[in-house]
Amino acid sequence: MRMIRAKKIREFFVQKAIKKIPKIDLPKNNGKSVSINKNELTEKGYTELGLFLSSDEIDNILQKMASFKCFDPFRKELGEFRSNEIPKQVHVANYKRKDISVVKELLDIANNSDILIAVRDFLGATPTITNINMWWSIPGKEEAEQAQLFHRDVDDYKFCKLFVYLTDVKMEDGPHVYVEGTSSSPKLRKIKRYIDKEIIDVFGEKAIKYFVKPKGSAFLVDTYGFHKGLLPKQNKRLLFQVQYSLNPIGIENYEPIVFENHNYNKYVNRLILKT
Ligand SMILES: O=C(O)CCC(=O)C(=O)O
Ligand SMILES: [Fe+2]
């Protein structure tokens with residue numbers, strides 16, 4: 001049975017990893033200023049950044065993404081398809097990292113100074129962008145699958161994810177769901193997908209937070225704590241996500257792309273952008 005490590009052991013590995021990470025002066029004044037409560041990220045496991053993108057900024061991003069195809073990471077045999085021709089079996093339709101990584105507006109978000117500084121303080125070391133992702137969650141499915149069921153992410157000893165909604169997300173549109181306080185809880189250490197009852201029995205219904213928010217809203221989440229994307233019933237949800245970690249994620253196959261004349265920090269971006 002695969003288990004997550006006890007808190008003290010995890011903390012030991014975090015400190016060991018931190019010692020090897022170069023201390024870097026992160027670029028200042030990159031992008032808009034945003035106030036971030038990093039203590040809340042540590043204590044509750046999430047913190048909200050409020051309305052981060054305007055409708056016009058989102059439209060511009062969608063226009064730039066329009067020519068890119070999607071794929072279902074759990075049904076690779078379906079191949080690639082456009083976002084307006086998603087096969088009916090598909091629960092989540094992801095864009096490819098190499099396509100997302102050419103959109104400057106998205107790299108700007110990932111490299112926002114205030115976000116990088118808050119994440120550095122949370123991690124205790126210079127962050128590495130270990131994933132940059134965007135996907136549609138599709139309504140009308142019978143049953144939740146994969147990340148639509150409660151789980152902990154176990155990608156590294158310490159990491160967090162930035163979520164930015166690119167569509168309005170009401171309760172019927174598959175909000176992100178987080179169980180408050182579970183990023184520091186040693187309970188339920190077996191690595192598996194959990195049904196709602198198992199989570200409620202241990203943490204209580206009140207700990208469950210639904211991110212019902214308008215498009216443009218952003219939040220940082222320590223997804224080592226329990227979370228899921230609720231199966232959407234009504235509308236499809238588009239999410240942009242950036243993952244920040246201490247170390248590269250073992251199972252990822254990184255193919256950094258060439259991006260001319262950027263001012264982003266080379267170390268932070270080394271897995272996605274060629275130096
Ligand atoms: O779709 C969501 O809201 C959650 C997805 C998830 O499990 C993750 O990003 O780690
Ligand atoms: Fe997850």
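**Around the ligand**

Author: Strand β9 (residues 227-229) gives the most to the shell around ligand 1, with three residues. Strands here are DSSP runs (E, at least two residues), helices are runs of H or I of at least four, and both are numbered from the N terminus. This is a predicted model, where local features need pLDDT of at least 70, side-chain atom pairs count only at pLDDT 80 or more, and totals for chains, interfaces and linings use all residues. Residues are numbered from 1 along each chain as its sequence is written, while chains are lettered from A and ligands numbered from 1 in the order in which they are written.

Reader: Which residues are around ligand 1?

Author: A residue is near a molecule if its C-beta atom, placed from the backbone, lies within 6 Å of it. Around ligand 1 you'll find Ser 137, Ala 147, Asp 153, Lys 161, His 176, Thr 223, His 227, Lys 228, Gly 229 and Gln 241.

Reader: How does that shell split by class?

Author: Ala, Val, Leu, Ile, Met, Phe, Trp, Tyr, Cys and Pro count as nonpolar, Asp, Glu, Lys and Arg as charged, and the others, Gly among them, as polar. Here that gives one nonpolar, six polar and three charged residues.

Reader: What order do the strands take in the open sheet?

Author: Two strands pair if DSSP finds at least two bridges between them. Seven strands line up as β1-β8-β5-β10-β4-β3-β2, with antiparallel pairing. At the edges sit β1 (46-51) and β2 (70-71), each pairing on one side only. β2 joins strand β3 (residues 92-95) over two antiparallel bridges, and Phe 71 has Asn 94 in β3 as its bridge partner.

Reader: How many helices and strands are in the protein chain?

Author: The protein chain has eight helices and ten strands, and 37% of its 275 residues are buried.

How values were computed:
Buried ≥ 20, exposed ≤ 12 C-beta atoms within 10 Å, placed from the backbone.
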